[in-house]
Amino acid sequence: MIITFLSNTISRNGGGVTEIERRLAQQLAQQREHTVHVLGLEDAFSKEDIKDWLPVQPTVFPVTGPRAFGYAPEMLRHVQEINPDVLHINSLWMYPSVVTKQWHDATHKPFVVTVNGMLDAWALNNSRWKKVMAAFLYEKENLKKASCIIANSLKELQAIRDYGLTNPVAIIPNGVDLPVIKEGNKPANGNKKLLYLGRIHPKKGSEELIKAWKAVNRQQDTGWELEIVGWGDEKDIAQLQEQISHMDTIHYLGPKFGQEKDAAFRQADAFILPSYSEGMPMAVLEAWSYQLPVLITPACNLDIGYQREAAIHIEVDSLEESLRSLFAMENPQLEQIGHHGRKLVEENFSWVKAAEQLEQVYQWITGKKPKPDFVHQ
């Protein structure tokens with residue numbers, strides 16, 4: 001089977017979405033019966049990050065005009081030359097959606113869309129008029145024509161239905177790579193570290209986290225430090241740095257990848273994501289894989305973490321209370337939550353399983369196999 005992935009970016013700029021697409025493409029490419037092509041829009045990091053996709057070799061296309069739309073005139077021609085059996089688009093609102101629609105209209109071949117939290121109510125209201133216009137011009141029709149939409153959770157399925165889409169929806173949770181856990185990773189400096197790792201963006205709740213952190217630390221010596229690792233637009237980074245100036249218990253460490261990212265997780269004592277909107281956040285799965293207790297909002301769509309005592313429930317409007325509760329916990333309690341998280345990802349979040357489910361969807365929409373039982377209609 002010839003499979004082609006389309007994406008707005010194949011670089012670190014895509015955050016967790018890039019990680020999801022990359023690992024699925026690599027898993028599918030391991031099977032001899034599949035040929036996997038990945039096509040993306042060129043950006044500042046694509047040439048550097050393309051090596052991380054091996055053995056898959058993505059093709060990136062230069063953008064003409066505003067990057068916010070991503071017009072790349074060569075992308076459609078390239079898809080036509082590949083002539084895939086299945087097209088899989090992993091992003092919305094930009095030119096790859098137009099390519100998908102034009103290719104499908106010409107060939108009537110099947111395609112799937114992974115929405116990655118982009119139809120969540122908060123996400124739709126962010127840059128709302130741009131998305132309303134894109135939906136009117138091409139995206140709504142494109143989504144309606146998809147043979148199947150991929151969701152990460154039941155909550156995301158509901159968001160898809162709330163958007164008015166009646167397509168079949170396959171629920172396929174993301175996977176995670178499991179690191180080897182080593183004892184004695186953390187420096188014994190007397191301070192515990194709470195890690196935030198992800199995009200610096202208003203939807204992630206980092207501004208509210210810093211405000212709550214300041215309020216709590218004004219009232220007590222917590223014995224904790226907050227480490228913020230991430231990337232984002234220059235204005236969002238500048239605002240964050242201004243917000244944490246003169247705070248010796250908050251450190252912005254910039255973006256971290258590879259071994260530096262691994263070290264950030266290993267040196268942390270807990271992880272927090274006070275997000276307003278997510279699909280299924282890769283950073284939380286990664287934190288669990290490093291055996292960290294996590295503090296997450298319901299918007300992270302990982303209620304299984306609460307159910308399995310692997311996550312601490314937080315709300316953006318009550319972060320002060322949540323931080324005080326965290327600071328009051330003893331090490332054995334934190335460690336037990338972390339152990340539950342590691343076991344949770346070992347049992348439920350595997351790239352091998354995710355790729356197998358995705359392949360079943362491809363086989364179904366191309367008429368080779370029956371509809372999988374995880375597809376909702």
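Modeller: Let us begin with burial, for which a residue counts as buried under 20% relative accessible area. In this predicted model, 8 of the 9 residues of strand 9 are buried, so strand 9 is largely enclosed by the rest of the structure.

Biologist: Which strand is joined to strand 9, and by how many bridges?

Modeller: Strand 8 (residues 192–200) runs parallel to strand 9 (residues 224–232), and 9 bridges join the two. Within this pairing, Leu197 has Val229 of strand 9 as its bridge partner, and Arg199 stands opposite Trp231 of strand 9. As a general idea, side chains in a regular strand alternate between the two faces of the sheet.

Biologist: In what order do the strands of the sheet lie?

Modeller: The order is 10-9-8-11-12-13, an open sheet of 6 strands with parallel pairing. Strand 10 (250–254) and strand 13 (311–313) each have a single partner strand and stand at the edges, so one side of each lacks a neighbour in the sheet. From one strand to the next, the twist averages 25°.

Biologist: Which helix lies across strand 8, strand 9 and strand 10?

Modeller: That is helix 9 (residues 234–244), which runs at about 155° to strand 10.

Biologist: Let us turn to salt bridges. How many does the structure hold?

Modeller: A salt bridge is read from a side-chain nitrogen of Lys or Arg within 4 Å of a carboxyl oxygen of Asp or Glu. The structure holds 21 of them. In one of these, Arg23 pairs with Asp177, and the closest N and O atoms are 2.9 Å apart.

Biologist: Where do Arg77 and Glu81 lie?

Modeller: Both are in helix 3 (residues 74–82), 4 residues apart, which is about one turn of the helix. Arg77 is partly exposed, with a relative accessible area of 38%, and Glu81 counts as exposed at 53%.

Biologist: Which side chain meets that of Glu286 in a salt bridge?

Modeller: The partner is Lys261, at 2.9 Å, N to O. This pair links distant parts of the chain, with Glu286 in helix 11 (residues 282–289) and Lys261 in helix 10 (residues 258–267), 25 residues apart. Glu286 counts as buried, at 11% relative accessibility. Salt bridges may also share partners, and in this way Lys101, Asp105, Glu141 and Lys145 are joined into one network.

Biologist: Let us return to single residues. Is Ser46 buried or exposed?

Modeller: Ser46 is buried, with a relative accessible area of 0%, and has its place in helix 2 (residues 46–49). When residues up to four places away in sequence are not counted, Ser46 touches Ile10, Ser11 and Val60. Ser97, in helix 4 (residues 95–107), is buried at 1%. Leaving aside neighbours within four places in sequence, the contacts of Ser97 include Ile89, Tyr138 and Asn142.

Biologist: Which residues make a nonpolar surface patch?

Modeller: Met133, Phe136 and Leu137 make a patch of about 380 Å². Leu137, found in helix 6 (residues 128–145), is exposed, with a relative accessible area of 54%.

Biologist: Finally, the backbone. Which peptide bond is cis?

Modeller: The bond from Leu54 to Pro55 is cis, with omega near 10°. Pro55 lies in the loop between helix 2 and strand 3 (59–61).

Biologist: What is the phi of His108, and what is that of Asn116?

Modeller: His108 has a positive phi of about 60° although it is not a glycine. His108 lies in the loop between helix 4 and strand 5 (111–114) and counts as exposed, at 63% relative accessibility. The phi of Asn116, also a residue other than glycine, is positive and near 50°. Asn116 is placed in the loop between strand 5 and helix 5 (121–125) and is buried, with a relative accessible area of 9%.

Technical notes. Residues numbered from 1 in each chain as written. Predicted model: local features only at pLDDT ≥ 70, side-chain atom pairs only at ≥ 80, totals over all residues. Heavy atoms only, no water. Pairing = 2+ DSSP bridges. Axes fitted to C-alpha atoms, helices over the stretch in contact; angles between N-to-C directions. Contact = heavy atoms within 4.5 Å. Patch = residues over 30% accessible without salt bridge, like charges linked within 9 Å, V, L, I, M, F, W, Y side chains within 5 Å. Areas by Shrake-Rupley, 256 points an atom, 1.4 Å probe, with all protein chains shown as cover. Buried < 20%, exposed > 50% of the residue type's maximum accessible area, 1.4 Å probe, protein only.
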